[in-house]
Amino acid sequence: MKTIGFIVGSLRKDSYNLAVAKDFAKLLPAGFEAKFIEISDLPFYNEDLENDAMPESWKRLRTEVAAVDGIFFFSPEYNRSVPAALKNALDVGSRPMGSSVWGGKPALVVTASPGGVGGFGANHHLRQSLVFLDMPTLQQPEAYIGGIHNLVKEDGTIVEDTEKFFQLIVDKYIVFFNKLTA
Ligand code: FNR
């Protein structure tokens, strides 16, 4: 069984990005499972805490990320970039220097927004960090999901056409993943 870590950049319980992530989890093929990795409880990265005072949540994040085979990121766009909580999670997992838990994990970036450009700015800011973190990231299809408020139904499920597009993204990712990890 391969495990994909699911990281959602929004902390709110009714998050559209969380709804998208839950849908992607359903679309994974046999042999793959989703593991949601919490980022809401991580204190801001501060190198002074890399000692006995290290927050338990930092240890948990590092252990959980190290254990998964790939990572799917689902993020809103905040002021044309990623939410601070998501950037903080990247920073926490990247340290201490030389012990980053991100390196080499095949990644997928999905951004969803009620706005028309679908979080394009956040998507590409996140990709900039992933280049430095040495995470090979699926290039196509690009996943800028605009007008998300019209695509998530009242019960939190996703409209059929959009779900078909999500399935295409998952299928492409699996081919990408299998090539990289063969
Ligand atoms: C936003 N929002 C937003 N939307 C967008 O398309 N581009 C942007 O730059 C921003 N900036 C922004 C900043 C801050 C601080 C907030 C709180 C919101 C709106 C955002 O897309 C909307 O709130 C989404 O619903 C957030 O995603 P979740 O929480 O539904 O996953």
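A crossing of two helices is termed left-handed if the near helix is turned anticlockwise from the far one by less than a right angle, and right-handed if clockwise. By this criterion, α1 passes α5 in a right-handed crossing. The contact is formed by D23, F24 and L27 of α1 together with E163, F166, Q167 and V170 of α5, two residues being in contact if their C-beta atoms, placed from the backbone, lie within 7 Å. The structure is a predicted model, in which local features need pLDDT of at least 70 and side-chain atom pairs count only at pLDDT 80 or more, whereas totals for chains, interfaces and linings use all residues. Residues are numbered from 1 along each chain as its sequence is written.

Helices (H or I, at least four residues) and strands (E, at least two) are DSSP runs, numbered from the N terminus. Helix α1 spans residues 16-27 and helix α5 residues 160-181; the two pack at an angle of about 60 degrees, with their axes 10 Å apart. Axes are lines fitted to C-alpha atoms, for helices over the stretch in contact, and angles run from 0 to 180 degrees between N-to-C directions. Helix α1 is therefore oblique to α5, given that angles under 35 degrees count as roughly parallel, over 145 as roughly antiparallel, 65 to 115 as roughly perpendicular and the rest as oblique. By class, the contact of α1 with α5 has four nonpolar, one polar and two charged residues; Ala, Val, Leu, Ile, Met, Phe, Trp, Tyr, Cys and Pro count as nonpolar, Asp, Glu, Lys and Arg as charged, and the others, Gly among them, as polar.

The strands form an open sheet of five, in the order β2-β1-β3-β4-β5, with parallel pairing; two strands pair if DSSP finds at least two bridges between them. Strands β2 (32-36) and β5 (144-145) stand at the edges, each with a single partner strand, so one side of each lacks a neighbour in the sheet. Strand β3 (residues 70-75) pairs with β4 (residues 107-112) in the parallel sense over five bridges, and S75 stands opposite T111 in β4.

Several backbone features occur in loops. Most residues other than glycine have a negative phi, and most peptide bonds are trans. The peptide bond from R95 to P96 is cis, with omega near 0 degrees, and P96 lies in the loop between α3 and β4. The bond from Q140 to P141 is likewise cis, with P141 in the loop between α4 (120-132) and β5. N79, although not a glycine, has a positive phi of about 50 degrees and is placed in the loop between β3 and α3.
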